[in-house]
Amino acid sequence: MGYVAVDKLKQGMVLDESVYDINSRLLLSKGQKISQNHVRVLKIWGVSRVSVIGKEKEEDEETPSVDDKNTKLIKESINVLYKNADLTNPIFKQIYISALVHRLKGTFGSLPEQTPKNRMGGTDLKKPEKIRRQIDVTDIKLPEAPTVISELNQVIDDPLTTSNDVAQVVNKSPSLAAMLLKIVNSAYYGFPSKIDRISRAVTIIGTKEISGLALGICVMQAFKDIPEGVLNIKAFMRHSLVCGMISRILAANNNMPQTEQMFVSGLLHDIGKLIVHKYYPNHAKACMELGASSDRSIFQTEKMVLGLNHQQIAKLLLSKWKLPNEIITNIIYHHEPGKAPDPKKSGIIHIADIISHGLGIGSSGERSIPKVDHPLVDEIVNSRDSIKLVIRQIVHQFGPMDAIFSD
Ligand SMILES: [Fe+2]
Ligand SMILES: [Fe+2]
């Protein structure tokens, strides 16, 4: 037996293992002869590969030709990202190979801007020192929660809430309703028929889950109009979205029931950076400059420049906006999951962040892959095959989701 990518399945091939979707529902049974319709079903449900009889060897991703004129340039850009990564680790080696393959194929669009220097108009290495001023927690400016978030919190807190109550709140914001419908109708969920009403989405996916998704989208929407500065906001939104998607996939692969909560935690993991960029743009620039010149992660330079890192700032904002405590805790520890009360949940956001950086989908302003908690990576992803599967799922699911924050 061997695994074959769904795109390469041929009619008449026979399944050697039953196929389940991300939520462990049986899609096709072992022994099923593959038809065109089956391929369509597998794609709809986000399955990227299946095991078939008679395939001795797993079909691998095409390795790009070394003669390709783009290969050298792309390799150079990836090497900057991976300069601190341990490529003897098979999981990181696989992410690196996949990044190379998909950049050559252009799967995730154009390359992210990895070097903030060219947005900073020349790096004055002394400047971060000049600007360094510790900001007290009470100095941090936090906007009031948008009305829709307060209303969502009210319906979430009410044990008698019905699907119509949630739908009524969501429908007050046409852009929120449209985004939610876009998400639930994407291949990411893979429902076979179109969901055209929020009340139906609530019934199918669950009141708590849809409310959580709506909260996450509202928080991101509140910051999506930050003017272009040293941070490319579109690239930032892509980084956040793909981190949420990978978090959800990893949660499902690790049999965690709270997959939507993990999506929202991943989506919002770097929200503290947006507060810094919105209210303290000079400090934000100094954090990035110091990161670029000293090879430190931004969460470390934030501590030096601001006295607080973006995880702590996220906690201030999300607590004020009354987001669920579990989400806030997952976010606080996303760079140091070993210190979290539940290391596995924060560890999933940590790994999703690293995979997003590693694949180069979007950008959060970091120049290289953040410091890795290796034992947790090995526990959560555990093999080269499982990381390959996660990346294949993202390749199938990312395209339709990419437009979510771009309107
Ligand atoms: Fe972060
Ligand atoms: Fe991030």
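Biologist: Buried means under 20% relative accessible area, exposed over 50% and partly exposed in between, with a 1.4 Å probe and protein chains only as cover; by that rule, what percentage of the residues of the protein count as buried?

Modeller: This is a predicted model, in which local features need pLDDT of at least 70 and side-chain atom pairs count only at pLDDT 80 or more, whereas totals for chains, interfaces and linings use all residues. Residues are numbered from 1 along each chain as its sequence is written, chains are lettered from A and ligands numbered from 1 in the order in which they are written, and side-chain values use heavy atoms, leaving out hydrogens and water. Of the 407 residues of the protein, the share that counts as buried is 53%.

Biologist: How many helices and strands does the protein have?

Modeller: Both are DSSP runs numbered from the N terminus, helices being H or I with at least four residues and strands being E with at least two. Counted in that way, the protein has 20 helices and four strands.

Biologist: Which residues are the protein donors of the iron ion (ligand 1)?

Modeller: Donors are N, O and S atoms within 2.8 Å of the metal (3.2 Å for Na, K and Ca), and sites may look incomplete because water is not among the atoms. Along the chain the donor residues of this ion follow the spacing D-x39-H-x23-H-H. Lying 2.1 to 2.2 Å from the iron ion (ligand 1), they are Asp270 (OD), His310 (NE2), His334 (NE2) and His335 (NE2).

Biologist: What is the site of the iron ion (ligand 1), judged by the angles among its four donor atoms?

Modeller: Four donors count as tetrahedral if all angles lie between 85 and 135 degrees; four count as square planar and six as octahedral if opposite donors are over 155 degrees apart and all others between 65 and 115, and anything else is irregular. Here the angles run from 85 to 175°, and the site of the iron ion (ligand 1) is irregular.

Biologist: With which side chain does the side chain of Asp270 make a polar contact?

Modeller: Asp270 is found in the loop between α12 (259–267) and α13 (271–279), and Asp270 is buried, with a relative accessible area of 1%. A polar contact is a pair of N or O atoms within 3.5 Å; within protein, one must be able to donate a hydrogen and the other to accept it, and residues adjacent in sequence count only if both atoms are side-chain atoms. At 3.4 Å, the partner of Asp270 is the side chain of His239.

Biologist: Are His334 and His335 buried or exposed?

Modeller: His334 has a relative accessible area of 0% and counts as buried. His335, at 8% relative accessibility, also counts as buried.
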